[in-house]
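This report covers nonpolar cores and aromatic pairs. Please look at the sequence and the model first.

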Amino acid sequence: MKSFLIKIKLIEYLTIELPISKVDFVQRLSSVTDKGDTGMFAGAFDIFSSSKNELKGVVSLDGFRIRRRRRIFDTNMNMAIATGTFKETDSGLVIHTKINGFNNFFILYYVLLVFVYGMIASLMAFSDQNTEFVIFLFLVIHAVFMFLIPYFFMRSATRRLKHELEREFFYLTKR
């Protein structure tokens, strides 16, 4: 499944090399990251937080697991989670990051959609009434939107978090 998610761009990788020591970078990243859980429903109350930090998660010397904080009136779906490791080399710090926009909650969502639309299609097929083609066409179009809209939200969140982390990591070296 991981290779499929990579193929449809819900999992992306970012490797960046920075001219900074590991300890300094971890301190700087920790200073711009609020400590907290990165689960699906953990950020439900992020909008009530008064912190100015854009990131939330866990940062240690071994690596990190972070996501963007949710803000009030923020139309972006901040579902992507970044996990990464640090490796110090002679020329600086190499950060290997995996950005995952797919949450396991969506497996249940898609299974439920298949079940509901399958039931509706079977009821239409086996009913005594002659269902019109227009109703069937509307059902197909509705199903396509219900499957694709969450996918585009997840893909957008993955791409946006990758861009923001790349920018944030670069700016953390300039402080």
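Are Phe25 and Phe169 buried or exposed? Phe25 is buried, and Phe169 is buried as well; buried means under 20% relative accessible area, exposed over 50%, and partly exposed in between, with a 1.4 Å probe and protein chains only.

## Basis

The model is predicted: local features need pLDDT of at least 70 and side-chain atom pairs pLDDT 80 or more, while totals for chains, interfaces and linings use all residues. Residues are numbered from 1 along each chain as its sequence is written, and side-chain values use heavy atoms, without hydrogens and water.

## Nonpolar cores

A nonpolar core is a set of buried Ala, Val, Leu, Ile, Met, Phe, Trp, Tyr and Cys residues joined through side-chain atoms within 4.5 Å. The largest has 23 residues, and Phe25, Phe64 and Phe169 are among those with the most contacts inside it. Elements giving two or more residues to this core include helix 2 (22-31), strand 5 (81-88) and helix 4 (133-174); helices (H or I, at least four residues) and strands (E, at least two) are DSSP runs numbered from the N terminus. Helix 4 gives the most, with five residues.

Another core lies apart from it, with 14 residues, among them Leu5 and Phe106.

## Aromatic pairs

Rings of Phe, Tyr and Trp (its six-membered ring) pair if their centres lie within 6.5 Å; planes under 30 degrees apart count as stacked, over 60 as edge-to-face and the rest as tilted. The structure holds 10 aromatic pairs. Phe25 and Phe86 form an edge-to-face pair, 5.7 Å centre to centre with 70° between the planes. Phe25 lies in helix 2 and Phe86 in strand 5, so this pair ties together parts 61 residues apart in sequence.
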